[in-house]
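Hi,

Here is the structure I said I would pass on.

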Amino acid sequence: MRFSLATPLVLYLSLLLDELPLAQALKFPVEGRVVGLDEHRARSLGRLGRRASISGTPDLSNVGNVQYQTNITLNGQQFKVLIDTGSSDLTVTGDVSGAKDTGKTGTVRYAIGGTQGPIKTAKLEFEGFTIDNQAFIEQPVDSEHTNGGGIIGFGPGGASEVQSVLGAGAGDPVLDRIFRQNTSTPNFITILLGRAGDPTDTFVGDFTVGEVVQPFGNITQQPRLPVTQMAHRSGQHWTALLDENGIIGPDGQKINTTKSSTGNRYGVMFDSGFTFPQVTKGIANAIYARVPGAKFTTVTNAPGEMWTLPCSTELNVTFVFAGVKFPVHPLDTVTNAFYGPPDENGNPTCVGAFQPITTEQDGFDIILGMSFLRNAYMLINFGDFVDGALAKVGDPYVQLLPLTDPAEAHSDFVQLRMGGVDRSSELKLLPAIPDTDNEDNSSSSSSDDGIKKYLPYIIAGSVAGGVILISLILYAIFGGSSKKYRRLHDPAPAGLPNPYDRPPPFAQYQPSRRY
């Protein structure tokens with residue numbers, strides 16, 4: 001059984017969204033256009049601009065900014081699946097006509113929910129590619145899994161549950177199969193996510209294999225972020241290192257990301273299946289806790305507690321990778337995908353998208369999901385992570401291209417959240433909360449405070465101890481001279497019982513993780 005970190009809220013949210021009328025699902029055609037921008041200006045801003053439809057590119061539908069879907073067919077039967085860079089398997093819900101049963105069962109656990117069913121094979125058509133005998137997990141329909149849905153995982157193949165059961169080759173994930181049977185196709189994918197309700201950019205998004213979306217061809221010139229490789233491929237994700245203290249908060253100051261083992265650089269996992277990015281408690285506090293009226297509380301129809309705050313709160317946050325700044329649209333920082341409890345005046349509150357992390361995994365510190373990825377066009381080069389690839393192919397890497405123009409984002413926010421009247425200057429942040437979340441400074445600062453608190457007692461104790469020690473030495477010299485010395489050949493006196501020979505009063509720790 002593998003535990004994948006994909007879709008922490010998507011599986012849960014999809015049940016809620018399935019109950020909404022179709023008009024509320026906010027599905028748009030992929031051939032979106034940016035109004036009022038010529039291609040040169042669009043390229044300079046890193047935006048979409050006017051563009052032709054990419055041959056072989058599937059349509060992405062955006063459901064309320066909480067899930068992005070594309071269409072696939074298995075033996076000619078259509079499924080609408082979530083695109084997910086945080087898992088590596090193809091799973092669909094419902095019977096696939098004519099699929100061959102391998103006699104094996106597969107289970108994938110996500111951060112919330114999971115899927116389990118027989119592993120079968122069928123003819124897959126996706127992104128203009130046809131793959132015979134593609135292995136997948138067939139999830140039976142139940143109260144948590146809707147017929148015709150599913151997830152297509154774009155994570156590293158070594159993390160595939162199906163591959164671990166069937167073996168390499170027969171159990172390879174979709175992208176491994178595509179890259180292996182189409183050797184002329186470059187081993188990379190790109191993901192461009194749109195923003196539902198954006199008054200300026202109405203495109204939904206694109207997903208490509210082996211080609212880039214124009215006019216964003218300059219993404220291949222962006223810094224290559226090496227994928228931080230895990231000791232075991234079964235736990236591998238698309239991860240890279242953030243710059244040192246590489247988050248700029250709403251006050252324009254860098255947020256502390258102390259971590260001595262990586263030079264104060266946090267490990268980041270890029271996961272298109274995570275609706276809300278997961279950050280440390282200290283980062284979430286630095287973004288939201290200083291807003292007047294902000295509360296960390298329970299939100300209806302959402303698992304766990306979340307930051308809630310007035311919907312008109314414009315917060316600007318920027319992430320920095322390899323010296324390149326990635327501003328986050330304030331519509332993504334404070335989202336209305338959910339509404340929190342009403343404030344004291346009865347007005348609805350919105351939700352802070354960057355939430356304290358709810359999972360603990362090796363290899364990364366934060367997870368940047370949809371709310372970040374709507375602000376960055378992402379290219380993932382698989383390198384030698386493809387099954388059967390030669391080492392000379394090279395190491396995998398991620399490239400990111402900024403998409404958000406801060407001035408335009410501010411104008412969008414004023415139009416949608418402030419009724420067209422700019423009131424951003426009215427926001428006065430509260431004093432900063434001391435950061436006790438970082439791994440290095442939490443223990444050291446607390447121990448330093450404790451030492452300072454008890455310093456007078458330590459000094460007094462040291463003086464008293466010194467007086468007693470001098471007295472004992474004088475007694476040994478002058479008062480104990482009548483005691484005979486033991487000859488070297490005399491037997492040593494019996495020692496005190498060794499406390500370490502006794503069994504401990506508690507069960508000894510035994511490692512539970514298997515490698």
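Let me start with a strand pair: E19 (residues 317-321) and E20 are antiparallel partners, joined by five bridges. Across that pairing, Phe 319 sits opposite Phe 326 of E20. Strands count as paired here if DSSP finds at least two bridges between them, and helices (H or I, at least four residues) and strands (E, at least two) are DSSP runs numbered from the N terminus. The two belong to an open sheet of three strands, ordered E14-E19-E20, with antiparallel pairing. Strand E14 (247-248) and strand E20 (324-328) are the edges, each with a single partner strand, so one side of each has no neighbour in the sheet.

Before I go on, a word on what this is: a predicted model, where local features need pLDDT of at least 70 and side-chain atom pairs count only at pLDDT 80 or more, while totals for chains, interfaces and linings use all residues. Residues are numbered from 1 along each chain as its sequence is written, and side-chain values use heavy atoms, with hydrogens and water left out.

The overall picture

The protein chain has 10 helices and 26 strands. Among contacts with a separation of 6 or more, 69% are between residues 24 or more positions apart; a contact is heavy atoms within 4.5 Å. The chain exposes about 25100 Å², and carbon and sulfur atoms supply 53% of that (Shrake-Rupley method, 1.4 Å probe; for residues, only the protein chains shown count as cover).

The disulfide

There is one disulfide in the structure, taking a disulfide as a pair of cysteine sulfur atoms within 2.5 Å. Cys 311 and Cys 350 form it, at 2.1 Å from S to S. Cys 311 is in the loop between strand E18 (305-310) and E19, and Cys 350 is in strand E22, so the pair ties together parts 39 residues apart in sequence. The torsion about the S-S bond is about 100°, so the disulfide is right-handed. Both ends are buried: Cys 311 has 16% relative accessibility and Cys 350 has 0%.

In the loop between E9 and helix H3 (161-166) you will find Ser 160, which is buried at 1% relative accessible area. Its side chain makes a 2.6 Å polar contact with the side chain of Asp 89, and also reaches the backbone nitrogen of Gln 163 at 3.0 Å. By polar contact I mean a pair of N or O atoms within 3.5 Å; within protein, one must be able to donate a hydrogen and the other to accept it, and residues adjacent in sequence count only if both atoms are side-chain atoms.

Thr 190

Thr 190 is in strand E10 (residues 188-193) and is buried, with a relative accessible area of 0%. Its side chain has polar contacts with the side chains of Thr 208 (2.5 Å) and Tyr 377 (2.8 Å). Leaving aside neighbours within four places in sequence, Thr 190 is in contact with residues including Asp 206, Val 213 and Leu 379.

H8 (residues 406-417) has 12 residues and reaches 16 Å from first C-alpha to last, close to the 16 Å expected at 1.5 Å a residue (1.5 Å times one less than its number of residues). Its buried residues include Glu 408, Phe 413 and Arg 417, and the buried residues pack against helix H6 (330-333), strand E21 (334-340) and strand E22 (349-352). After H8 comes Gly 419, with a positive phi near 65°.

Cheers

How values were computed. Buried < 20%, exposed > 50% of the residue type's maximum accessible area, 1.4 Å probe, protein only.
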